[in-house]
Amino acid sequence: RELASIGIVFGVRKEDGNLFVQSIWPGGSADRSGLISIGDILLQVDGVDVTRKPASHVCIMFLGEPGTKVKLILQRPPSTAGGRSRTIVVELERMIQNNAQAI
């Protein structure tokens, strides 16, 4: 049985340990949504607060059967000094990825 994911490579922020979008796999579910950007900070996965949680625990939450959905809440950092951050809510379909690094 093959597990599917959403096509995001996450990194860990040094300042607070939170996960952020490091890259987006072309053609994956995250890319197709057009809503997620490099640098977005992951806050929740399917209603579960994942801030300051170990990456190894969070990453398995993205895996599942192809065609199933996962809901993410992310924070987009301000684009300018003094600007406001923005909350992004997106539901993505898990797909078979051709890149083992993307989850």
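The model is a predicted one. Its chain contains two helices and six strands, which follow one another from the N terminus in the order β-β-α-β-β-α-β-β. The structure holds four salt bridges, among them a pair between Arg76 and Asp40 and a pair between Lys69 and Glu93.

**Overall dimensions and packing**

- The radius of gyration of the chain is 13 Å, which agrees with the value near 13 Å that a compact globule of 103 residues would have.
- Along the principal axes, the C-alpha atoms occupy a box of roughly 45 × 25 × 25 Å.
- Of the 103 residues in the chain, 36% are buried.
- Among contacts with a separation of 6 or more, 57% are between residues 24 or more positions apart.

- Asp40 is placed in the loop between H1 and E3.
- With a relative accessible area of 0%, Asp40 is buried, because the cut-off for a buried residue is under 20%.
- The side chains of Arg76 and Asp40 form a salt bridge with an N to O distance of 2.7 Å.
- Arg76 belongs to strand E5 (residues 69-76), whereas Asp40 belongs to the loop between helix H1 (29-33) and strand E3 (41-45), so this pair ties together parts that are 36 residues apart in sequence.
- Both partners, Arg76 and Asp40, are buried.
- The side chains of Asp40 and Arg76 are also joined by a polar contact of 2.7 Å.
- When neighbours within four places in sequence are left aside, the contacts of Asp40 are Leu19, Phe20, Val21, Leu35, Leu74, Gln75, Arg76, Pro77 and Ile88.

**The salt bridge between Lys69 and Glu93**

- Lys69 and Glu93 meet through their side chains in a salt bridge of 4.0 Å, N to O.
- Lys69 is part of strand E5 and Glu93 is part of strand E6 (residues 86-93), so the pair ties together parts that are 24 residues apart in sequence.
- Lys69 has 45% relative accessibility and therefore counts as partly exposed.
- Glu93 has 37% relative accessibility and therefore also counts as partly exposed.

**The network that includes Glu15**

- Salt bridges with shared partners connect Arg13, Glu15 and Asp16 in one network.
- Glu15 is located in the loop between strand E1 (8-12) and strand E2 (19-24).
- Glu15 counts as exposed because its relative accessibility is 60%, and the cut-off for an exposed residue is over 50%.
- From C-alpha to C-alpha, Glu15 and Glu65 are 34 Å apart in space, and they are 50 residues apart in sequence.

**Nonpolar surface patch**

- Leu3, Ile60 and Leu63 make up a nonpolar patch on the surface, and their accessible area together is about 270 Å².
- Ile60 is situated in the loop between helix H2 (55-59) and E5.
- The relative accessibility of Ile60 is 56%, so Ile60 counts as exposed.

**Positive phi values**

- Most residues other than glycine have a negative phi.
- Asp46, a residue other than glycine, has a positive phi near 50°.
- The location of Asp46 is the loop between E3 and strand E4 (48-49).
- Asp46 counts as partly exposed because its relative accessibility is 42%.
- Arg52, a residue other than glycine, has a positive phi near 60°.
- Arg52 is in the loop between E4 and H2.
- Since its relative accessibility is 62%, Arg52 counts as exposed.

Notes. Residues numbered from 1 in each chain as written. Predicted model: local features only at pLDDT ≥ 70, side-chain atom pairs only at ≥ 80, totals over all residues. Heavy atoms only, no water. Helix = DSSP H or I, 4+ residues; strand = E, 2+ residues; numbered from the N terminus. Buried < 20%, exposed > 50% of the residue type's maximum accessible area, 1.4 Å probe, protein only. Rg over C-alpha atoms; globule rule 2.2 N^0.38 Å. Contact = heavy atoms within 4.5 Å. Patch = residues over 30% accessible without salt bridge, like charges linked within 9 Å, V, L, I, M, F, W, Y side chains within 5 Å. Areas by Shrake-Rupley, 256 points an atom, 1.4 Å probe, with all protein chains shown as cover. Polar contact = N/O pair within 3.5 Å; in protein donor to acceptor, adjacent residues only side chain to side chain.
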